[in-house]
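Here is a short walk through one protein chain. Keep the structure in view and follow along step by step.

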Amino acid sequence: MTSTSNPRDLRVELESLTTEAFRPELADIDRLPTLDIARLMNGEDASVAGAVASRLPQISAAIDAIAERMGRGGRLVYAGAGTAGRLGVLDASECPPTFNTEPDQVVGLIAGGPEAMVTSVEGAEDSGALARADLDALGLGPADTVVGISASGRTPYAIGAVEHARARGALTVGLSCNPDSALAAAADHGIEIVVGPELLTGSTRLKAGTAQKLVLNMLSTITMIRLGKTYGNLMVDVRASNDKLRARSRRIVALATGAPDADIERALTEAGGEVKTAILILLADVDGPTATGLLSGARGHLRAALKTAGD
């Protein structure tokens with residue numbers, strides 16, 4: 001898909017989008033006291049959660065499909081331009097420290113590459129070919145999932161990514177903030193969070209960006225829960241890469257086991273700092289190698305490893 005070349009046609013197309021609609025009742029917003037503007041903006045933001053709630057069945061179906069692919073060794077790849085791309089890169093970058101994923105398990109692609117994270121790369125979002133090249137560089141396969149992200153639902157980079165991924169047999173998700181979008185139509189799973197016109201006309205980093213962040217939180221977090229990266233609501237696969245996370249690791253083991261500090265330190269040492277292994281050592285009363293073997297047999301699911309240990 002390529003962008004509309006005629007400026008008038010492009011203007012008409014933008015005017016048809018909910019996210020681009022002009023709100024005459026806000027035409028004098030710049031004359032209002034700051035507190036009044038803040039109240040207006042806060043009220044707008046409060047409506048986003050409801051818009052997301054109305055699409056929970058579609059979101060849940062996409063998560064189950066993503067988890068099934070990732071359980072077979074597939075990757076989760078986000079692809080977007082501008083704000084949408086940055087949100088995808090942000091979500092991907094937070095998975096390794098939170099869930100101990102490998103750097104290539106959850107990947108964020110942004111039109112224009114890393115430079116586009118901090119500056120505008122003109123024309124990059126208009127290139128479906130660029131998206132195809134970025135995915136080919138990853139060696140995309142049928143076990144992978146590509147999530148195209150675009151507030152308008154018409155961004156060629158996001159649509160190109162989804163179309164190319166689908167042709168390669170990968171699972172595809174299209175996340176947009178307009179109804180009947182080309183992006184949702186191109187994907188196996190279309191998720192359209194219709195948040196309505198923005199406080200500032202066309203500024204989709206506001207409600208649309210918030211909606212996208214909420215959905216991406218769900219896609220990655222619940223997928224990781226399904227993959228056994230948590231034990232209850234504890235992040236048992238957290239990677240202890242700094243003092244704060246090492247302290248969090250000890251606290252997670254304490255919350256999961258109720259063990260004394262000395263036992264927790266012993267178990268973490270024996271587990272090489274791996275929280276999930278330390279918990280299994282304490283709860284199943286096994287040594288480190290045995291705990292590691294049990295977790296491997298359970299594909300990393302702590303509850304399943306505990307059940308096996310108790311059988």
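This is a predicted model: local features need pLDDT of at least 70, side-chain atom pairs count only at pLDDT 80 or more; totals for chains, interfaces and linings use all residues.

Helix α7 itself runs over residues 156-167. How many of its twelve residues are buried? The count is nine, so α7 is mostly covered, with buried meaning under 20% relative accessible area. Among them are Pro-156, Tyr-157, Ile-159, Val-162 and His-164. From first C-alpha to last, α7 reaches 16 Å, close to the 16 Å expected at 1.5 Å a residue. Just after α7 comes Gly-169, with a positive phi of about 90°.

Now look for the largest nonpolar core. It holds 34 residues. Ile-59, Tyr-78, Val-106, Ile-193 and Leu-219 have the most contacts inside it. Several elements give two or more residues to this core, including α4 (56-71), β1 (76-80), α5 (82-99) and α9 (207-226). Pick out Val-106. Leaving aside neighbours within four places in sequence, Val-106 is in contact with Met-70, Leu-76, Tyr-78, Ala-92, Cys-95 and Met-224. Another core lies apart from the largest one. This other core has 26 residues, among them Tyr-231, Leu-245, Ala-267 and Ala-298.

Finally, turn to two helices, α10 (residues 243-257) and α11 (residues 261-270). They pack at an angle of about 115°, and their axes are 10 Å apart. The crossing is right-handed. Which residues meet there? From α10 come Arg-250, Val-253 and Ala-254; from α11 come Ile-264, Glu-265 and Leu-268. Four of these contact residues are nonpolar, two are charged and none is polar.

Definitions and conventions:
Residues are numbered from 1 along each chain as its sequence is written. Side-chain values use heavy atoms; hydrogens and water are left out. Axes are lines fitted to C-alpha atoms, for helices over the stretch in contact, and angles run from 0 to 180 degrees between N-to-C directions. Helices (H or I, at least four residues) and strands (E, at least two) are DSSP runs, numbered from the N terminus. A crossing is left-handed if the near helix is turned anticlockwise from the far one by less than a right angle, and right-handed if clockwise. Contact means heavy atoms within 4.5 Å. Ala, Val, Leu, Ile, Met, Phe, Trp, Tyr, Cys and Pro count as nonpolar, Asp, Glu, Lys and Arg as charged, and the others, Gly among them, as polar. A nonpolar core is a set of buried Ala, Val, Leu, Ile, Met, Phe, Trp, Tyr and Cys residues joined through side-chain atoms within 4.5 Å. Buried means under 20% relative accessible area, exposed over 50%, partly exposed in between (1.4 Å probe, protein chains only). The expected span of a helix is 1.5 Å times one less than its number of residues.
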